Amino acid sequence: MSKLFTLASDFKPTGDQPKAIEKLTKGIRNGLKDQTLLGATGTGKTFTMANIINKVQRPTLIMAHNKTLAAQLCAEFQQFFPNNAVSYFVSYYDYYQPEAYMAKTDTFIEKEATINEEIAKFRHAATVNLLTRKDVIIISSVSCIYGLGDVETYEKLAITIEAGKVYPRKDFLSQLINIQYERVKMDFKRGSFEVLGDVITIFPPHGDTAYQLEFWGDELEKITEVDAFTGSTITEVEKVVIFPAKHQVTTKEVINRVAGEVEKDLEIREKELRASNPLAAHRLNQRVKYDIEMLREMGYVNGIENYTRYLSGKAPGEPPATLLDYFPKDFLCFIDESHISIPQIGGMFNGNLSRKESLIEHGFRLPSALDNRPLKFEEFEQKIGQAVYVSATPGKYEYAHCAEDEIVQQIIRPTGLLDPHIQVRPSTARLWNKDIHDVSEKEAVNSVDDALAEIRATIKKGDRALVTTVTKKNAEEFSEYLIENGIKAKYLHSEIETLERIEILTELRRGTIEVVVGINLLREGLDLPEVSLIAILDADKRGFLRSRDALLQIIGRAARNSEGGVIMYADEVTEAMEAAMNETSRRRKIQEAYNKKHGITPTTIKKSIVDISKDLAGGQKREFKNLSKKDDIKKMIKELDDEMAIATQNLDFERAAALRDQIIELQRKLR
């Protein structure tokens with residue numbers, strides 16, 4: 001087998017990683033459908049996944065439960081596989097209000113959506129990569145189980161052009177329009193083309209470069225890849241494939257067939273509605289006939305996704321075409337943080353169904369709208385083939401679908417770090433030891449004052465602390481209390497703006513802030529080696545935020561520092577607390593035994609804080625020397641602004657700040 005993927009890393013697997021890589025790889029090669037990697041926080045699960053991909057050499061889908069984690073994973077895998085195609089596939093909506101009807105108040109809500117052009121670019125890049133190469137890794141959110149457009153049609157309508165061949169100009173331009181490219185004069189953007197004399201310039205939706213086609217009559221003399229914003233030449237190419245500008249695309253023949261089928265179904269549905277709801281029948285007639293007219297004239301209509309069943313030729317109830325259909329049959333799937341991702345995937349279908357049924361019942365959509373949906377969970381299971389579930393706290397699904405020997409444990413950390421010590425202290429007032437807390441033996445200290453004393457001791461060592469509460473109000477009040485007592489603290493909760501959240505965490509790492517107080521934002525995805533203390537207030541509260549798995553995730557945030565410790569403040573030890581402490585103790589014993597056997601001294605992870613003057617996409621700031629025209633500068637500002645928006649949305653503060661600085665520089669140049 002020729003090698004497609006090439007793993008680039010200065011490190012070799014250590015600790016439990018070699019055993020986990022070998023066992024999971026063997027299971028994949030032996031055809032096991034389901035396996036689980038039970039990896040403690042900080043054990044290098046991502047590196048293990050990368051090594052498995054490098055060994056099995058298959059196209060791979062890695063699913064994460066939100067855009068932030070998907071972006072982090074994408075960045076890591078791009079570093080592991082710099083010469084392979086690593087793509088990012090998440091929902092491209094900055095804002096999305098789905099179409100809905102509320103019968104009780106007779107209120108119809110139109111669909112509203114703001115598309116992030118940068119994410120749309122990444123989505124197109126993902127599908128193009130899957131159809132043109134085999135060394136592909138796609139990092140995706142749950143967006144990959146939603147309808148995308150028929151892969152066979154998308155591939156069939158791609159236009160292959162070669163220098164030296166004849167392409168009748170009028171027919172060629174018609175082809176571009178048929179696959180949803182827009183002809184423009186000034187606003188040159190992805191998914192558009194412009195014509196200047198004998199030169200046609202096409203800007204595909206999946207990249208940052210355009211193709212300049214130079215014709216002599218109908219003969220294509222030269223194809224040049226150019227920078228889409230400056231027009232500067234990158235390279236000359238002999239052949240290029242132009243994929244459709246939209247995933248939902250079709251041919252005129254299919255449109256004519258579809259229009260006829262939709263008209264027949266409209267007639268049937270109208271008859272059904274006239275008897276019970278004449279107004280709904282009239283409404284449906286108007287809406288659907290308008291859509292049919294737009295389809296026949298333009299080949300596209302807003303809301304075309306509600307007719308995808310007709311376009312793809314599928315029967316009612318059949319699963320829609322999704323990103324999973326763009327993968328080859330033997331692809332490998334990793335589901336990261338599976339204890340959250342699996343339930344999330346399972347809940348998508350029902351949430352969509354009730355909204356659609358109301359629209360259909362009241363004449364806003366044909367029954368075919370039901371087929372514009374996410375996959376049902378059983379459909380998802382059938383499509384993913386072989387899967388590896390990755391989590392520090394696997395859920396019921398993983399245990400139910402994997403035999404005992406199919407759950408591979410990765411407990412040992414490459415750095416020798418141990419799971420943190422855990423203490424339980426009362427929330428209510430009590431006497432504390434003078435030697436530890438520097439207060440009078442007769443002085444009563446509650447959990448707040450005790451946490452303050454521990455935080456001061458942590459800061460004195462040069463480390464940082466995290467405090468987790470159960471409510472926003474608690475977080476705000478405790479952070480204010482810390483500030484009043486001379487501690488540099490800030491709080492995090494869901495209402496804090498995205499960019500500000502990442503800025504706060506970056507300041508924590510740098511030491512500008514000494515403590516961050518939060519709710520459930522201190523769980524998955526935070527890599528903060530400077531933190532050696534985590535204080536969990538109200539640890540005995542029942543609920544999701546204090547479940548066994550949630551507590552284990554919080555505890556894991558202190559596992560990147562050799563002096564990491566956790567204090568749970570509670571008046572009783574709940575079942576969840578006891579289970580979390582028992583599991584932590586079990587892992588710690590395994591880690592201590594390994595360190596003793598191999599003579600390893602635990603060391604805090606050393607991780608550089610990214611220099612915000614660097615552009616994380618390429619490592620260097622962009623040069624603007626070639627930009628002289630005002631229009632070029634404005635285009636570049638717009639492009640950078642779009643990139644900054646996605647960086648902000650994905651909590652990538654360092655990159656967003658770098659892009660902001662570049663925008664300011666260009667704005668000065670423009671003035």
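**Close-up views of strand pairing and helix packing**

**View 1. Ile200 and the pairing of strands 12 and 13.** Ile200 stands opposite Leu213 in strand 13. Strand 12 (residues 199-203) and strand 13 (residues 209-216) run antiparallel and are joined by 4 bridges; two strands count as paired if DSSP finds at least two bridges between them. Helices (H or I, at least four residues) and strands (E, at least two) are DSSP runs, numbered from the N terminus. The model is predicted: local features need pLDDT of at least 70, side-chain atom pairs count only at pLDDT 80 or more, and totals for chains, interfaces and linings use all residues. Residues are numbered from 1 along each chain as its sequence is written, and side-chain values use heavy atoms, with hydrogens and water left out.

View 2. Axes are lines fitted to C-alpha atoms, for helices over the stretch in contact, and angles run from 0 to 180 degrees between N-to-C directions.

View 3. Strand 18 (residues 386-391) is mostly covered, with 6 of its 6 residues buried, that is, under 20% relative accessible area (1.4 Å probe, protein chains only). Gln386, Val388 and Val390 point one way, Ala387, Tyr389 and Ser391 the other. Strand 1 (residues 34-39) pairs with strand 18 in the parallel sense over 5 bridges, and Thr36 has Tyr389 as its bridge partner. Strand 17 (residues 332-336) also runs parallel to strand 18, joined by 5 bridges; here Asp336 is partnered by Val390.

**View 4. The crossing of helix 17 and helix 18.** The axes of helix 17 (residues 548-556) and helix 18 (residues 575-598) come within 8 Å and cross at roughly 45°. The two helices are therefore oblique to each other, the class left once angles under 35 degrees (roughly parallel), over 145 (roughly antiparallel) and 65 to 115 (roughly perpendicular) are set aside. Arg548, Leu551, Leu552 and Ile555 in helix 17 meet residues of helix 18 including Met577, Glu583 and Thr584.

Notes:
Contact means heavy atoms within 4.5 Å. Buried means under 20% relative accessible area, exposed over 50%, partly exposed in between (1.4 Å probe, protein chains only).
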